[in-house]
Amino acid sequence: MDEKISIIPLGGTPDVTKNMYVYEYKNEILLVDCGLGFADPSLLGVELLIPDISYLKTSGKKIAGMAITHGHEDHMGGLPYILPELPDFPIYATPLTAEFANEKLKEFGVSKRVQKVNFDGGEIKIGNFSITFIRITHSVPDTSNIFIKTPVGNFFHASDFKFDFSPYDGRKTEVEKITKASNEGILCLLSDSLRAETVGKTPSESKISHALESEMEKCTGKFLVTTYSSNIARLNQIINAARKFNRKVCFVGRSVIKNKTIAENLGYMKIEKGMEVFVDELKRYKDSNLVLIVAGSQGQENSALYRMVNDDFKEIKITSKDTIVFSSDPIPGNEISINALLDSIAKKGAKAVHSDVSPDFHVSGHGATEDLILMMNLTHPKKVFPIGGNYRHLIAYKNLAKKQGFSDKDIIVTENGQEVIFTKDDSYFGKKLSLKNVYVDEISGEEVESFVIRDRQRLAKDGVVIVMCEIDSTNGQLLENPNIIVRGMSPQEIKDVSRHLIKEIRNTLSKKKQKVSDWWYVRKSIGQVCEKYIFRNLRKRPLVLPVVIEV
Ligand SMILES: [Zn+2]
């Protein structure tokens, strides 16, 4: 009988995020990527999805190892949640990817680590598989595609990529390694398909500099840029523009500062002494001498940008002279919060430059049709398998591949959980796993079910506080005193808490007299102010349930 190898996507196809692919040969598994997905913000406190790994736990197969293609959350963000669930195995990634991943694992208190592999590290044996990391251009440094050799045939795992022939950081795609892989024969190319509908070639990252500089030259106030913090080449372009116009640079927001530090440590970013200033020093400089690189390009509540624009950031106020550049695209699903943010910026009289205004401040890291065709031509595979796209992108890729001469049976369009079985020269569908959505809490990393337990523990220990507020939607203020119900505290505590919370809530809301565009945020702020007050004064953490009635 013919030897067989299977591929099963556990995430990423067709849902773009939470990428994770199982390569299975006999009793052995090689995993590629371990990403996070982003859930619906209406699921309060439960904002993240991870791939369903039940199969890995129950199939009885041995996980020989894992390779991570690059340092984006949707390719490696699932590690701290998933690794503790699985037995030990080696995990490999290129330097920056490994650093990002290990930083995350440390943060979550997970002791496992990703091993660093240099691009010239050659072939790595993982059980019956052998893998080679190949440098490719994308929107985070050290992105790799992976050439995977198996006893049945060779695969080219081209997760996120574009062909940028003049990358800003000078780190070019290793085209010769791709052709070498191609010469060994490739059974199947798994390819990024996210921009398969976009005709042409994705522009080079380098084009951003010019747009940034001309906008910075016009700006008489603070120049703020928000972008994806892992796009180190983008951060470097902003820093270089600042240098040109004699502006100091300040990094604001946890993710930006964290990635900046990692990039500096690995030598991917250089900022001379005196060029960088910190938030608490800003008041010593004129606005026109400042560039702020700020987290929050997706309008996330509690991000630095959101708080600045909503008058909730002590050291930084937005003025009508300021320019705020969104060097990013809205991630689908975030449009509503971004629009609310843009509206708030407009109210301040500041200038916002975003993707609807100009296409010059952001380029995608994903290849358009010409990039995708070039990859097909370079790898010269027998079969193609679009991944990392929504269903319509997979179909667009299929149409593109057909024009390149691939027949229907050589184009694999499938979805998460579907096993695709390969023999030396053919493929067919195997079993279908039924995958469930697994939500995790961003902060604790616990699976959602355990919320119930946590709430019960808090109820038993410290009681419950229910706060019912009627809020005027036109100005965000209380219509009358909130109704506060406390259980599980002494009568004196109940009296004190009720009286003070009313005052605290009123104060918090009065700081932001404006039409309410985001009820979720209002609810959350009320919850937080109550929790803080009670903890400060009673050292208790009851379950606080804010109920907001929109009037
Ligand atoms: Zn990516």
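**Entry 1**

I started with P14, which turns up in the loop between β1 (5-11) and β2 (20-25). This is a predicted model, so I'm treating everything here as a reading of a prediction.

Is K18 buried or exposed? I looked up its surroundings and found 28 C-beta neighbours inside 10 Å, so K18 counts as buried.

**Entry 1: another positive phi**

Next I went to D33, in the loop between β3 (28-32) and β4 (37-38). D33 isn't a glycine, yet its phi is positive, at about 70 degrees. The cut-off for buried is 20 or more other C-beta atoms within 10 Å. D33 has 32 C-beta neighbours inside 10 Å, so it counts as buried.

**Entry 2: a strand residue**

I picked L190, which lies in strand β13 (residues 188-192). I got 29 C-beta neighbours inside 10 Å for L190, so it goes down as buried. Which residues touch L190, once its neighbours within four places in sequence are left aside? I noted F155, F156, H157, A158, F385 and I387. I also checked L190 against T94, 96 residues away along the chain, and their C-alpha atoms are separated by 20 Å.

**Entry 3: helix α7 on its own**

Then I turned to α7. I counted 13 residues in α7, with 18 Å from its first C-alpha to its last, close to the 18 Å expected at 1.5 Å a residue.

**Entry 4: α7 with α6**

I followed up the α6 partner. The axes of α6 (residues 208-218) and α7 (residues 232-244) come within 9 Å and cross at roughly 40 degrees. That angle is why I call the two helices oblique to each other. The crossing is right-handed. On the α6 side the contact uses I208, S209, L212, E213 and M216, and on the α7 side R234, Q237, I238, N240, A241 and K244. By class I get five nonpolar, three polar and three charged residues in this contact.

A reminder to myself on spacing: an α-helix has 3.6 residues a turn, so residues three or four places apart point the same way.

**Entry 5: α14 with α15**

Last stop, another helix pair. α14 (residues 491-510) and α15 (residues 519-538) pack at an angle of about 135 degrees, with their axes 10 Å apart. I therefore logged α14 and α15 as oblique to each other. Their crossing is right-handed.

Which residues of α14 and α15 meet? From α14 I have E493, V497, H500, L501, E504, I505 and T508; from α15, S525, I526, V529, C530, Y533, I534 and L538. I sorted this contact into nine nonpolar, three polar and two charged residues.

Terms used
Residues are numbered from 1 along each chain as its sequence is written. This is a predicted model: local features need pLDDT of at least 70, side-chain atom pairs count only at pLDDT 80 or more; totals for chains, interfaces and linings use all residues. Axes are lines fitted to C-alpha atoms, for helices over the stretch in contact, and angles run from 0 to 180 degrees between N-to-C directions. Helices (H or I, at least four residues) and strands (E, at least two) are DSSP runs, numbered from the N terminus. Angles under 35 degrees count as roughly parallel, over 145 as roughly antiparallel, 65 to 115 as roughly perpendicular and the rest as oblique. A crossing is left-handed if the near helix is turned anticlockwise from the far one by less than a right angle, and right-handed if clockwise. Two residues are in contact if their C-beta atoms, placed from the backbone, lie within 7 Å. Ala, Val, Leu, Ile, Met, Phe, Trp, Tyr, Cys and Pro count as nonpolar, Asp, Glu, Lys and Arg as charged, and the others, Gly among them, as polar. The expected span of a helix is 1.5 Å times one less than its number of residues. A residue is buried if 20 or more other C-beta atoms lie within 10 Å of its own, exposed if 12 or fewer, and partly exposed in between; C-beta atoms are placed from the backbone.
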